[in-house]
Amino acid sequence: MMKNNLTDYKWALVTGASSGIGEEFAYQLSKRGMNLVLVGRDKGRLDEVASRVSQLGVEAVPVAEDLTKGLDEVIRVISERKIDIDLLINSAGIGIYGDFIEKDISKPHEMIEINVKVLTDLAYIFSKKMVERGKGGIINVSSIAGLFPVPYYAVYGATKAYVYSFSLALWAELRDKNVHVLCLAPGKTKTRHSERAGSNVGGKKMEPAEVVRITLKSFERGDPFVLPGPMNKIFSFIGGIFPDKLVVRVIGSFPQYF
Ligand SMILES: NC(=O)c1ccc[n+]([C@@H]2O[C@H](COP(=O)([O-])OP(=O)(O)OC[C@H]3O[C@@H](n4cnc5c(N)ncnc54)[C@H](OP(=O)(O)O)[C@@H]3O)[C@@H](O)[C@H]2O)c1
């Protein structure tokens with residue numbers, strides 16, 4: 001049964017739209033007729049995505065900004081154009097792989113800023129407006145790494161655990177106000193994420209198109225949480241039944257797979 005029909009939504013704000021999962025959200029939402037405000041840092045890539053989605057007959061507004069510095073500018077563009085955001089996709093995020101104590105502390109700070117603070121600020125700004133209008137949805141991108149502590153991805157996993165906890169709590173707070181919140185926890189997905197985090201290993205990865213297809217179906221069904229892919233589901237189930245101490249030690253033997 002469809003609880004949230006995406007065709008009722010006119011405008012989506014997609015962060016991280018210049019690459020990977022966010023970019024794929026932009027394509028699949030535009031195919032459903034949604035107009036898009038697209039945010040990412042790489043202006044060239046963002047303009048390319050905007051031009052591709054425009055060809056499908058929807059309006060696309062690219063805003064090339066580093067969200068840790070330019071969030072106000074994004075909000076300014078949206079309000080100047082009098083756009084009501086019906087769907088917020090919080091996909092912008094980074095990972096950092098390696099020994100916690102070996103990294104300059106400015107790196108985890110930067111990651112907490114985008115993965116946690118910016119995501120929370122955007123959810124705050126837009127969920128308030130959605131509640132006022134009595135309609136809307138938010139998809140926050142967590143990770144399978146947010147479901148268990150992951151040695152060598154210690155801060156990254158913690159930021160994604162925050163996203164998981166925050167999103168489900170917000171889902172419960174807003175569910176009677178016709179604003180639906182969904183937490184997406186992808187496993188390894190074929191994007192530039194791992195390479196940029198410094199842990200590019202092989203192994204099976206899901207296609208972003210598949211991750212987004214499953215997620216949008218889940219959103220429409222009204223689920224509060226989605227973990228795409230049977231292997232990821234099995235892994236998470238097994239991880240949930242063994243003692244934390246054992247699970248963390250096992251994960252610590254192959255953290256690069258997160
Ligand atoms: N791929 C995976 O295996 C995987 C697994 C679990 C969870 N995730 C999560 O999925 C989300 C999307 O990642 P992805 O896999 O699509 O990786 P990606 O291809 O590296 O894309 C990351 C996106 O986030 C944007 N971004 C990062 N920092 C930003 C900032 N300060 N301001 C504005 N935009 C910023 C990037 O913009 P620019 O490229 O323009 O800099 C890019 O569009 C992330 O939250 C990630 O943690 C990914």
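The following legends describe several views of a predicted protein model.

**View 1. Overall fold of the predicted model.** The protein contains nine helices and seven strands. Its C-alpha trace extends over about 50 × 40 × 30 Å along the principal axes. A compact globule of 258 residues would have a radius of gyration near 18 Å, and the protein has 18 Å, which agrees. Of the 258 residues, 41% are buried. Among contacts between residues at least 6 apart in sequence, 68% connect residues at least 24 apart.

**View 2. The seven-stranded sheet.** The strands form an open sheet in the order β3-β2-β1-β4-β5-β6-β7, and their pairing is parallel. In general, the strands of a sheet pair through backbone hydrogen bonds, in either a parallel or an antiparallel arrangement.

**View 3. Strand β6 and its two pairings.** Strand β6 covers residues 179–184 and pairs with β7 in the parallel sense over two bridges. Within this pairing, C183 stands opposite F225 of β7. Strand β5 (residues 136–141) also pairs with β6 in the parallel sense, over six bridges. Here I138 is placed opposite V181 of β6.

**View 4. Burial of strand β6.** Six of the six residues of β6 are buried, so the strand is largely enclosed by the rest of the structure. V179, V181 and C183 point one way from β6, whereas H180, L182 and L184 point the other way. The residues pointing in both directions are all buried.

**View 5. Surroundings of the ligand.** The ligand is surrounded by 31 residues, of which the closest are G16, G20, G93, T191 and H193. At least two residues of this shell are supplied by each of α1 (20–31), β2 (35–40), α3 (67–80) and α6 (193–197). By class, the shell comprises eight nonpolar, 16 polar and seven charged residues.

**View 6. Helix α8.** Helix α8 consists of twelve residues (residues 230–241); at 1.5 Å a residue these should span 16 Å, and the end C-alpha atoms are 17 Å apart, which agrees. The helix is hardly covered, as the count of buried residues among its twelve residues is zero.

Technical notes. Residues are numbered from 1 along each chain as its sequence is written. This is a predicted model: local features need pLDDT of at least 70, side-chain atom pairs count only at pLDDT 80 or more; totals for chains, interfaces and linings use all residues. Helices (H or I, at least four residues) and strands (E, at least two) are DSSP runs, numbered from the N terminus. The radius of gyration is taken over C-alpha atoms; the globule rule is 2.2 Å times the number of residues to the power 0.38. A residue is buried if 20 or more other C-beta atoms lie within 10 Å of its own, exposed if 12 or fewer, and partly exposed in between; C-beta atoms are placed from the backbone. Two residues are in contact if their C-beta atoms, placed from the backbone, lie within 7 Å. The expected span of a helix is 1.5 Å times one less than its number of residues. A residue is near a molecule or strand if its C-beta atom, placed from the backbone, lies within 6 Å of it. Ala, Val, Leu, Ile, Met, Phe, Trp, Tyr, Cys and Pro count as nonpolar, Asp, Glu, Lys and Arg as charged, and the others, Gly among them, as polar. Two strands pair if DSSP finds at least two bridges between them.
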